[in-house]
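Let's take a friendly walk through a protein chain together. Please open the sequence and the structure side by side, and keep both in view as you read.

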Amino acid sequence: MKNNFSQYRPFFTFLLKFLLFYVVFTFVYKMYLNQYDVTKNEVDSFTQVVANQTEKLMGVFVENTKSFRHEFEPSIKIFYNNKYVARVIEGCNAISVMILFAAFIFAFSTQWKKTGLYIIFGIILIHILNIIRIALLSFALYYYPEYEEILHGTIFPLFIYGVVFLLWILWVTKFSGYAKRNS
């Protein structure tokens, strides 16, 4: 038993660090969300920021983009050319994706400074790409509403998760302490 544990120690260390980080930050995020009353259709501040930044980004390329709080649910409605094209809900703000990203990086960490900087860089990149993703999805839904299911359910999630996967690969192969030890 002891020999098996020492043989798989790196895996168990990774798993423990990943789960610890993920559980702690998911709990902190849930505590943050508990400040908002969804029965009163309150939208958390970060989701509002994401919706506002999406509206501003869309406005750089076209006129007549607006966002309004939804009257009947905790979301922000996005309008393009006076047509309601999308809604931004809590799940659209990518915080859960950021926590998952950061947990993996933390689990593969050997140096605090490099790990912290990579997590900050990755979270900023994920946020920017998420804004771009929502803006592109809004435009796509305006012009191609019949493809909503594949656009929203497959193509655009694949985009954001694909970037996270590439950031993980880059971390493991180029920046983590494990990459240098195993080269």
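This is a predicted model: local features need pLDDT of at least 70, side-chain atom pairs count only at pLDDT 80 or more; totals for chains, interfaces and linings use all residues.

The secondary structure of the chain amounts to 7 helices and 3 strands. The C-alpha trace spans about 65 × 35 × 30 Å along its principal axes. The chain has 183 residues, and 37% of them count as buried. If you look at contacts with a separation of 6 or more, 62% of them come from residues 24 or more positions apart.

Now for the helices. Two packed helices are described by the angle between their axes and the distance between the axes. The crossing in which α5 passes α6 is right-handed. In the contact of α5 with α6, the residues divide into 19 nonpolar, 4 polar and 3 charged.

Helix α5 (residues 112–143) also packs with helix α3 (residues 45–61), this time at an angle of about 60° and with the axes 9 Å apart. That angle makes α3 oblique to α5. Here, too, the crossing is right-handed as α3 passes α5. On the α3 side the contact includes Phe 46, Val 50 and Gln 53, while on the α5 side His 127, Asn 130 and Ile 131 are among the residues taking part. Sorted by class, the contact of α3 with α5 has 9 nonpolar, 5 polar and no charged residues.

What about the interior? In soluble globular proteins, nonpolar side chains tend to be buried together. In this model, the largest nonpolar core has 23 residues, and Phe 101, Ile 105 and Ile 126 have the most contacts inside it. Helices α2 (9–33), α4 (95–107), α5 and α6 (148–175) each supply at least two residues of this core. The most comes from α4, which gives 9 residues. Setting aside neighbours within four places in sequence, its contacts include Tyr 118, Ile 119, Ile 126, Val 164 and Trp 168. There is also a second, separate core of 20 residues, and Val 43, Met 58, Ile 134 and Leu 151 are among its members.

Let's finish with two residues. His 127 lies in helix α5. Is His 127 buried or exposed? The cut-off for buried is under 20% relative accessible area, so His 127, at 16%, counts as buried. Beyond its neighbours within four places in sequence, His 127 is in contact with Phe 46, Val 50, Gln 53 and Met 98.

Phe 68, by contrast, sits in strand β1 (residues 65–69). With a relative accessible area of 43%, Phe 68 is partly exposed. Apart from neighbours within four places in sequence, Phe 68 is in contact with Ser 75, Ile 76, Lys 77 and Phe 79. As a last exercise, find Ile 128: it is 60 residues from Phe 68 in sequence, and the two are 21 Å apart in space, C-alpha to C-alpha.

How values were computed: Residues are numbered from 1 along each chain as its sequence is written. Side-chain values use heavy atoms; hydrogens and water are left out. Axes are lines fitted to C-alpha atoms, for helices over the stretch in contact, and angles run from 0 to 180 degrees between N-to-C directions. Helices (H or I, at least four residues) and strands (E, at least two) are DSSP runs, numbered from the N terminus. Angles under 35 degrees count as roughly parallel, over 145 as roughly antiparallel, 65 to 115 as roughly perpendicular and the rest as oblique. A crossing is left-handed if the near helix is turned anticlockwise from the far one by less than a right angle, and right-handed if clockwise. Contact means heavy atoms within 4.5 Å. Ala, Val, Leu, Ile, Met, Phe, Trp, Tyr, Cys and Pro count as nonpolar, Asp, Glu, Lys and Arg as charged, and the others, Gly among them, as polar. A nonpolar core is a set of buried Ala, Val, Leu, Ile, Met, Phe, Trp, Tyr and Cys residues joined through side-chain atoms within 4.5 Å. Buried means under 20% relative accessible area, exposed over 50%, partly exposed in between (1.4 Å probe, protein chains only).
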